[in-house]
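Reader: Before we look at how the helices of this protein pack, could you show me the sequence and the structure?

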Amino acid sequence: MTPLPPQPISPLDGRYYPIVHTVGEHLSEAGLNRARIRVEVEWLVFLTDHAMFTTSPLSVDDKAALRAIVDDFGQAQIAELAEIEATTRHDVKAVEYFVRRRLSDLGLDSVAELTHFAATSEDVNNLSYALTVRDAVEHVWLPSVRAVVERLREMATSLRAVPMLSHTHGQPATPTTLGKEVAVVVYRLERILSQVERGEYLGKFSGATGTFSAHLAADPEADWPALSKEFVEGLGLTWNPLTTQIESHDWQAELYDRVRHANRVLHNLATDVWTYISMGYFTQIPVAGATGSSTMPHKINPIRFENAEANLEISSALFSTLSETLVTSRLQRDLTDSTTQRNIGVAFGHSLLALDNLRRGLGEIAVNETRLAEDLDGNWEVLAEAIQTVIRAEVTAGQSDIEDPYAMLKDLTRGKRIGRQELVDFVNGLDVSDAAKARLTNLTPATYTGLADELVDHLDV
């Protein structure tokens, strides 16, 4: 058998690449290396701006030329870095040498020794991951999940008054409205997303064991913690003053748990919509040219929601592993986080793929109000809750002497299908006020939706 040419192992880099490639702009080896170069360049600029070790601030043109190294980072630079790393066998050292080459090209050899000055690799790495994860969340993941939430919000508003039979435990239950059930999902997601948006991205820059030892040896008079804080915050991150060699990754655990939580809510949405499709509450809009089954021509499979379900499970499993393992590092440092963090993009990629499927899927379904009405009209027994509750109120108000109304309605309805006439006859025979009888006999399953319609307004609060 002829060997295949090199192939991507992950479907994210193959079949699904056109959908998820924006994640790679940030959470890829190239994205990480570009961020590392940025940190190295900004640290050098920072030191010279503060005239450390008798240096002078770089000129505006020199600073622009250095920052252009980051802006112009592309395929040629990726290949060059790989060539350097093949010799160094160390990714961050390769970045240092890469920056030194550019300093030489720019005639800035006089400050070359400030490249990676007093820094351990993890000083550069932790800031680079914080920058790339932050940018991926803010520019890729959040806009994608927001697009799904907005589609759900539109559905909640437009379907707010459409009555639907509920199914607690899979059994007919007190009616609701379709819009209110969608609004529940929106409300859940909004809470989680607000937590994600308020999350901190922490960074450290304090040396091999977080003690500023090398810094202090080089300049005992400098206020290195203050300089470190200024540098980290200048990158738009939150400074962590107490660390080992690594930044402790607690912010990452918090973030990944929140994203995983959002994933699980979206997973709940996918399985519920799939179920409503199987019940006929939603119909699927045929896509021209699409095939549902290789042998059954009539089928339109709910593949968008099935694909989303599977990818959310994969993403959530990865985020769970990340949040659970990254918070542990043996003594002052071990390298387990190095391999683990290289899978952050994979976790976000599967979530992004699921979001794309959900967004598309929600645009390919329509409400079958006829089917919803049929189910409501076929389950008049759900009004038993209303009847026994009204009786309780009547007894309390001295308008009735009925004992144990719950048991009475249980005998009438449990495990049975009854229709409108049976309920009307039953209510008319009750020892309750005429006003109560009128309210109950005017009820239908379709109108017994309480405040479901009005509750959707809480999305605007």
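Author: Helices are DSSP runs of H or I with at least four residues, numbered from the N terminus, and axes are lines fitted to C-alpha atoms, for helices over the stretch in contact, with angles from 0 to 180 degrees between N-to-C directions. This is a predicted model, in which local features need pLDDT of at least 70 and side-chain atom pairs count only at pLDDT 80 or more, while totals for chains, interfaces and linings use all residues. Residues are numbered from 1 along each chain as its sequence is written, and side-chain values use heavy atoms, with hydrogens and water left out.

Reader: How are helix 2 and helix 3 oriented to each other?

Author: The axes of helix 2 (residues 29–49) and helix 3 (residues 60–71) come within 8 Å and cross at roughly 165°. Angles under 35 degrees count as roughly parallel, over 145 as roughly antiparallel, 65 to 115 as roughly perpendicular and the rest as oblique. Helix 2 and helix 3 are therefore roughly antiparallel.

Reader: How are helix 6 and helix 13 oriented to each other?

Author: Helix 13 covers residues 344–362, and its axis lies 10 Å from that of helix 6, at an angle of about 20°. By the cut-offs for angles, helix 6 and helix 13 are therefore roughly parallel.

Reader: How many nonpolar, polar and charged residues make the contact of helix 6 with helix 13?

Author: Contact means heavy atoms within 4.5 Å, and on this basis residues of helix 6, among them W141 and L152, meet residues of helix 13, including F348 and L362. Ala, Val, Leu, Ile, Met, Phe, Trp, Tyr, Cys and Pro count as nonpolar, Asp, Glu, Lys and Arg as charged, and the others, Gly among them, as polar. The contact of helix 6 with helix 13 divides into 16 nonpolar, 2 polar and 2 charged residues.

Reader: Is L131 buried or exposed?

Author: L131 has its place in helix 6, and, leaving aside neighbours within four places in sequence, is in contact with R38, V39, L235 and L237. Buried means under 20% relative accessible area, exposed over 50% and partly exposed in between, with a 1.4 Å probe and protein chains only. L131 has 1% relative accessibility and therefore counts as buried.

Definitions and conventions
Helix = DSSP H or I, 4+ residues; strand = E, 2+ residues; numbered from the N terminus.
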